[in-house]
Amino acid sequence: MLKHCVILAGGKSSRMGSDKTKLPFGEFETLVDFEVNKFSKIFENIYVSSKNFKFADKFETIEDKFETFSPMGALWQILSNFKDEYVFIIPADMPFISIQTINLLYENLQNSDIINPRDDEFTHSLCGFFHSKVANIAKELYENNIHKIGFLRQKCNSKTIFFENSDEFFNINTPQDYQKAKEFLLQV
């Protein structure tokens, strides 16, 4: 069993028009409930990262203690809670990543600080394993108003693994995406 998984649930959801992490998904009350259930099958510890304690009554929460909405800030805050270990981090709006993909990423870590999946279009920089030792680099970048994870990847020993099935990295960002995801869920 793998050790730590953190689900990112602190974004603005501006394109959705409401908090997408609280939308019902499949038989689950929320998208986060769906992911916690899925990932608890392979991780010992599941945490939810958010700006407030919106899921604290259900899940162990890591609070974003900064004003802005920043992926770099979120990584800094999350990784600061761990010492000398890897943490799998995934956005709450990416529910279709397979357990096999997560295991393959883990098996290919070797001496990397960061490992992310990529497909024909994107490197999915907010999905992957991150070593806690990069917390200070993330903090420095955040404090210098650098928020894109690609810059963190450049400063660390990072690598990507290519996956042909880009469907598993589908993000739910808009009401149309949400509808498509619900339809896709029925087919899986």
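Strands, like helices, are taken here as DSSP runs, a strand being at least two residues of type E, and both are numbered from the N terminus. In this predicted model, Ser49 is found in strand β2. With a relative accessibility of 1%, Ser49 counts as buried, because buried means under 20%. Leaving aside residues up to four places away in sequence, Ser49 touches Val6, Ile7, Leu8, Ala9 and Gly10, and also Ile62, Asp64 and Ile78.

In soluble globular proteins, nonpolar side chains tend to be buried together. The largest nonpolar core of the model has 27 residues, and those with the most contacts inside it are Phe39, Phe43, Phe88, Ile90, Ile102 and Phe129. At least two residues of this core come from each of β1 (2-8), α1 (31-39), β2 (43-50), β4 (86-91) and α3 (99-107).

Helix α2 (residues 71-79) comes next. Eight of its nine residues are buried, so α2 is largely enclosed by the rest of the structure. The buried residues are Met72, Gly73, Ala74, Leu75, Trp76, Gln77, Ile78 and Leu79. Where α2 starts, a side-chain oxygen of Ser70 reaches to within 3.2 Å of the backbone nitrogen of Met72. The loop between α2 and β4 contains Asp84, whose phi is near 50 degrees, a positive value in a residue other than glycine. Most residues other than glycine have a negative phi. Asp84 counts as exposed, because its relative accessibility is 65% and exposed means over 50%.

Helix α4 shows a sided arrangement. An α-helix has 3.6 residues a turn, so residues three or four places apart point the same way. The buried residues of α4 are Ala135, Ala138, Leu141 and Tyr142. Viewed down the axis of α4, these buried residues fall within an arc of 125 degrees, so they line one face of the helix. They pack against α2 and α5. On the face of α4 turned away from its buried side are the exposed residues Asn136 and Glu143. After α4 comes Asn145, with a positive phi near 60 degrees. Asn145 is found in the loop between α4 (135-143) and α5 (149-155), and this residue is exposed, with a relative accessible area of 61%.

Strand β5 (residues 114-118) has four of its five residues buried, so this strand is largely enclosed by the rest of the structure. Two bridges join β5 to strand β6 (residues 128-131), and the two run antiparallel. Within this pairing, Ile114 has Phe130 of β6 as its bridge partner. Strand β7 (residues 158-162) is joined to β5 by five bridges, and here the strands run parallel. Arg118 has Phe162 of β7 as its bridge partner.

Note on methods
Residues numbered from 1 in each chain as written. Predicted model: local features only at pLDDT ≥ 70, side-chain atom pairs only at ≥ 80, totals over all residues. Heavy atoms only, no water. Core = buried A, V, L, I, M, F, W, Y, C linked by side-chain atoms within 4.5 Å. Buried < 20%, exposed > 50% of the residue type's maximum accessible area, 1.4 Å probe, protein only. Contact = heavy atoms within 4.5 Å. Polar contact = N/O pair within 3.5 Å; in protein donor to acceptor, adjacent residues only side chain to side chain. Arc of directions from axis to C-beta. Pairing = 2+ DSSP bridges.
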